[in-house]
Amino acid sequence: MSVTIQTVTAELTNAEGTRPQLSIKEVINRYHGSLLSFLRNRVRTPEDAADVAQEAYIRLMQYEGSRDVQSPSSLLFRIAINVANDLGRVEQVRRVADRCSIDDAEVEPDRITPERKVAAEQDLELLFATIERLPPKCQQVFLLSRVQCMTYPQIAKHCSISVKMVEKHISHALAVCMSSVEA
């Protein structure tokens, strides 16, 4: 059975030759599962995916009853992509705002006890040893990020690997360093 443009157009129009009114409830019922699945691949957590879907539904409500929407699913997914992008930008701004310069940190000299200084030196030595034990490529990527302050795309280009691979190396290095210092 072949599907033609006329068949699709006929399905989208009612007997009077006009498109039916958009029903948000029908769109949600029809596309909720596929939207969540799609969003889980675009955002960090399943909870974020649910939040983005909810916001997309709220934004879609302004089109309730409209006859101008040719493809409700395309509209819904486009709105969801925009909401996910907005969420990503907000999180990025929040991460930047959470950082502070080491120069801005106030350290009270009387609180640095000899014991704390020795413990800090031991932790630092342990951290250096842990970094030296990382696989060569992982170690290189980690040091380019933390010592040279290169961005992930810069590291990817420098090392001839993908940005995703840079992320994996950084995640691995951080996990190894954290477990080493915590132990």
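A helix here is a DSSP run of H or I with at least four residues, numbered from the N terminus. I note at the start that the model is predicted.

**Entry 1: Gln140**

I looked up Gln140 and found it in helix α6, which covers residues 136–146. Is Gln140 buried or exposed, or in between? Its relative accessible area is 32%, and the limits are under 20% for buried and over 50% for exposed, so I wrote down partly exposed. I then listed its contacts, leaving aside neighbours within four places in sequence, and got His158 and Cys159. I also checked Ile170, which is 30 residues from Gln140 along the chain; the two C-alpha atoms are separated by 9.8 Å.

**Entry 2: Ser145**

I stayed in helix α6 and went to Ser145. Its relative accessible area is 9%, so I noted it as buried. Which residues does Ser145 touch, not counting those up to four places away in sequence? I found Met150, Tyr152, Ile155 and Ile170. The side chain of Ser145 also makes a polar contact of 2.7 Å with the side chain of Arg146.

**Entry 3: the aromatic pair**

I searched the whole structure for aromatic pairs and found one. The pair is Phe38 with Phe77: the ring centres are 5.3 Å apart and the planes stand at 65°, so I recorded it as edge-to-face. Phe38 belongs to helix α2 (residues 24–40) and Phe77 to helix α4 (residues 72–98), so the pair ties together parts that are 39 residues apart in sequence. I looked up the accessibility of each ring's residue as well. Phe38 is partly exposed at 27%, while Phe77 is buried at 18%.

**Entry 4: helix α3**

I took helix α3, residues 46–60, and compared its reach with the expected one. From its first C-alpha to its last, this helix of 15 residues spans 21 Å, close to the 21 Å expected at 1.5 Å a residue. Which residues of α3 are buried? I listed Asp48, Ala49, Val52, Ala53, Ala56, Tyr57 and Leu60. For reading that list I kept a general point: an α-helix has 3.6 residues a turn, so residues three or four places apart point the same way.

**Entry 5: the chain as a whole**

I counted eight helices and zero strands in the protein chain. Of its 183 residues, 25% are buried. The accessible surface comes to about 13400 Å², and carbon and sulfur atoms hold 54% of that. Last, I looked at contacts with a separation of 6 or more: residues 24 or more positions apart account for 60% of them.

How values were computed
Residues are numbered from 1 along each chain as its sequence is written. This is a predicted model: local features need pLDDT of at least 70, side-chain atom pairs count only at pLDDT 80 or more; totals for chains, interfaces and linings use all residues. Side-chain values use heavy atoms; hydrogens and water are left out. Helices (H or I, at least four residues) and strands (E, at least two) are DSSP runs, numbered from the N terminus. The expected span of a helix is 1.5 Å times one less than its number of residues. Buried means under 20% relative accessible area, exposed over 50%, partly exposed in between (1.4 Å probe, protein chains only). Contact means heavy atoms within 4.5 Å. Accessible areas come from the Shrake-Rupley method with a 1.4 Å probe; for residues, only the protein chains shown count as cover. A polar contact is a pair of N or O atoms within 3.5 Å; within protein, one must be able to donate a hydrogen and the other to accept it, and residues adjacent in sequence count only if both atoms are side-chain atoms. Rings of Phe, Tyr and Trp (its six-membered ring) pair if their centres lie within 6.5 Å; planes under 30 degrees apart count as stacked, over 60 as edge-to-face and the rest as tilted.
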